[in-house]
Amino acid sequence: MSVVTYEQLKAMLANHSVQLFDVRNPDEFQAGRIPDSVNIPLGQLEESLKLPPLQFQQQFEVKAPKKEDNDIVFHCRSGKRSLTALEIAHRLGFSKARHYAGGYIDWKEHEKK
């Protein structure tokens with residue numbers, strides 16, 4: 001299944017075993033974000049994933065994801081854009097990529113408790 005739950009994401013973050021990409025717009029990202037997430041707006045995602053690893057690293061200050069990585073997770077506000085992100089990633093060969101379907105809305109709800 002290519003969906004990650006809040007509990008799974010929380011555990012992955014705790015273990016530093018996730019490459020979390022936030023595909024919302026930069027202003028949304030600035031307003032509030034999940035810790036350790038990297039902002040790649042959906043409109044830039046395809047070209048970003050096609051960048052040479054070194055260039056990706058320079059641009060986003062994190063290691064470039066590899067096609068075989070199984071810890072790639074996309075998220076947006078409510079799960080719609082991240083589903084599109086997932087389709088793009090799968091098409092580009094990142095076959096094990098997943099998305100956090102609840103998105104930032106779900107994250108904020110849980111974090112308030």
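**Helix packing and buried residues in a predicted model**

The crossing of helix 3 and helix 5 is right-handed, meaning that the near helix is turned clockwise from the far one by less than a right angle. The structure is a predicted model, in which local features need pLDDT of at least 70, side-chain atom pairs count only at pLDDT 80 or more, and totals for chains, interfaces and linings use all residues. Residues are numbered from 1 along each chain as its sequence is written, and side-chain values use heavy atoms, leaving out hydrogens and water.

**Helix 3 and helix 5**
- The axes of helix 3 (residues 42-49) and helix 5 (residues 80-91) come within 10 Å and cross at roughly 15 degrees.
- Helix 3 is therefore roughly parallel to helix 5, a term for angles under 35 degrees.
- Contact (heavy atoms within 4.5 Å) involves Leu 42, Leu 45, Glu 46 and Leu 49 of helix 3, and Arg 81, Thr 84, Ala 85, Ile 88, Ala 89 and Arg 91 of helix 5.

**Ser 48**
- Ser 48 lies in helix 3.
- Ser 48 counts as buried because its relative accessibility is 2%, where buried means under 20% relative accessible area with a 1.4 Å probe and protein chains only.
- Apart from neighbours within four places in sequence, Ser 48 is in contact with Ile 40, Phe 56 and Phe 60.

**Helix 6**
- Gly 103, Tyr 104 and Trp 107 are buried in helix 6 (residues 103-112).
- These residues lie on the same side of helix 6, because they cover an arc of only 110 degrees around the axis.
- The cover over the buried residues of helix 6 includes helix 1 (6-14), strand 4 (72-75) and strand 5 (98-100).

Note on methods. Axes fitted to C-alpha atoms, helices over the stretch in contact; angles between N-to-C directions. Helix = DSSP H or I, 4+ residues; strand = E, 2+ residues; numbered from the N terminus. Parallel < 35°, antiparallel > 145°, perpendicular 65-115°, else oblique. Buried < 20%, exposed > 50% of the residue type's maximum accessible area, 1.4 Å probe, protein only. Arc of directions from axis to C-beta.
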